[in-house]
Amino acid sequence: MTGYEHIEHTFAPVYDADSLVLILGTLPSVKSRENHFYYGHKQNRFWKVMADLCGEPVPETIEEKKKMLLAHHIAVWDVIQSCDIKGSSDSSIRNVEPTDIRRILAESQITRIYANGNKAGELYRKYQLPLTGIEATGLPSTSPANAAWRLESLCEVWRETIVLL
């Protein structure tokens with residue numbers, strides 16, 4: 001298993017009792033782990049897509065990001081609690097221990113779950129769906145590795161798919 005590192009998810013999900021929508025990634029990237037918050041790589045388009053979806057300026061600080069999400073009843077977490085991975089490569093993920101999203105579901109009003117990218121969707125179906133019984137809608141990944149999608153196209157698909165109240 002050369003190049004693999006065992007990663008533990010170290011930061012809390014973002015949600016509150018009023019959250020209606022849950023967006024799940026796989027697990028924090030190397031840059032996100034360094035920054036101690038979700039989607040921390042400068043080239044990841046998640047925060048630009050969220051700002052577009054919410055009709056707000058792109059948040060800069062962790063507090064601004066949390067405030068925007070919660071103001072629009074959006075929760076964010078990941079499917080994986082721990083795993084072995086090479087760098088930030090989702091395709092290298094092995095030995096998955098899933099997060100327990102049932103706590104978030106019990107403590108919020110979440111009725112819709114979205115997966116940020118194919119791997120998050122695949123892992124959700126394998127590990128989470130049997131526990132939650134709630135299907136997750138897959139969305140194109142905001143990762144810089146998903147270079148086939150331009151920002152405008154990502155925003156359009158996410159806007160058409162996620163309906164905020």
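Helices (H or I, at least four residues) and strands (E, at least two) are DSSP runs, numbered from the N terminus, and in these terms G133 lies in the loop between α5 and β7. The model is predicted, so that local features need pLDDT of at least 70 and side-chain atom pairs count only at pLDDT 80 or more, while totals for chains, interfaces and linings use all residues. Residues are numbered from 1 along each chain as its sequence is written, and side-chain values use heavy atoms, with hydrogens and water left out.

**The four-stranded sheet**

- The strand order β3-β2-β6-β7 describes an open sheet of 4 strands with parallel pairing, where two strands pair if DSSP finds at least two bridges between them.
- At the edges stand β3 (74-78) and β7 (136-139), each with a single partner strand, so one side of each is left without a neighbour in the sheet.
- From one strand to the next the twist averages 25°, with axes taken as lines fitted to C-alpha atoms, for helices over the stretch in contact, and angles running from 0 to 180 degrees between N-to-C directions.
- Strand β6 (residues 112-116) runs parallel to β7 and is joined to β7 by 4 bridges, and A115 stands opposite G138 in β7.

**Helices on the sheet and against each other**

- Helix α2 lies across β2 (21-25), β3 and β6, and runs at about 160° to β3.
- Helix α5 (residues 118-132) also packs on the sheet, where α5 touches β2, β6 and β7 (contact means heavy atoms within 4.5 Å), and the direction of α5 makes about 130° with that of β6.
- Helix α2 (residues 46-54) packs with helix α6 (residues 151-161) at an angle of about 50°, the two axes being 9 Å apart.
- The two helices α2 and α6 are therefore oblique to each other, on a scale in which angles under 35 degrees count as roughly parallel, over 145 as roughly antiparallel, 65 to 115 as roughly perpendicular and the rest as oblique.
- The contact draws on F46, K48, V49, M50, D52 and L53 of α2, together with L151, L154, C155, W158 and R159 of α6.
- By class, the contact of α2 with α6 has 8 nonpolar, no polar and 3 charged residues, where Ala, Val, Leu, Ile, Met, Phe, Trp, Tyr, Cys and Pro count as nonpolar, Asp, Glu, Lys and Arg as charged, and the others, Gly among them, as polar.

**The three-stranded sheet**

- A further open sheet has 3 strands in the order β1-β4-β5, with antiparallel pairing, and its twist averages 10° from one strand to the next.
- Its edges are β1 (5-8) and β5 (94-98), each of which has a single partner strand, so one side of each is left without a neighbour in the sheet.
- Over 4 bridges, β1 pairs with strand β4 (residues 80-85) in the antiparallel sense, and H6 stands opposite D84 in β4.

- Leaving aside residues up to four places away in sequence, S141 touches R45, N116, G117, N146 and L154.
- T61, in the loop between α2 and α3 (62-71), is partly exposed with a relative accessible area of 40%, and T61 lies 9.9 Å from F37, C-alpha to C-alpha, at 24 residues apart in sequence.
- G133 counts as exposed at 61% relative accessibility, and its C-alpha atom is separated by 28 Å from that of C54, 79 residues apart along the chain.

Key: Buried means under 20% relative accessible area, exposed over 50%, partly exposed in between (1.4 Å probe, protein chains only).
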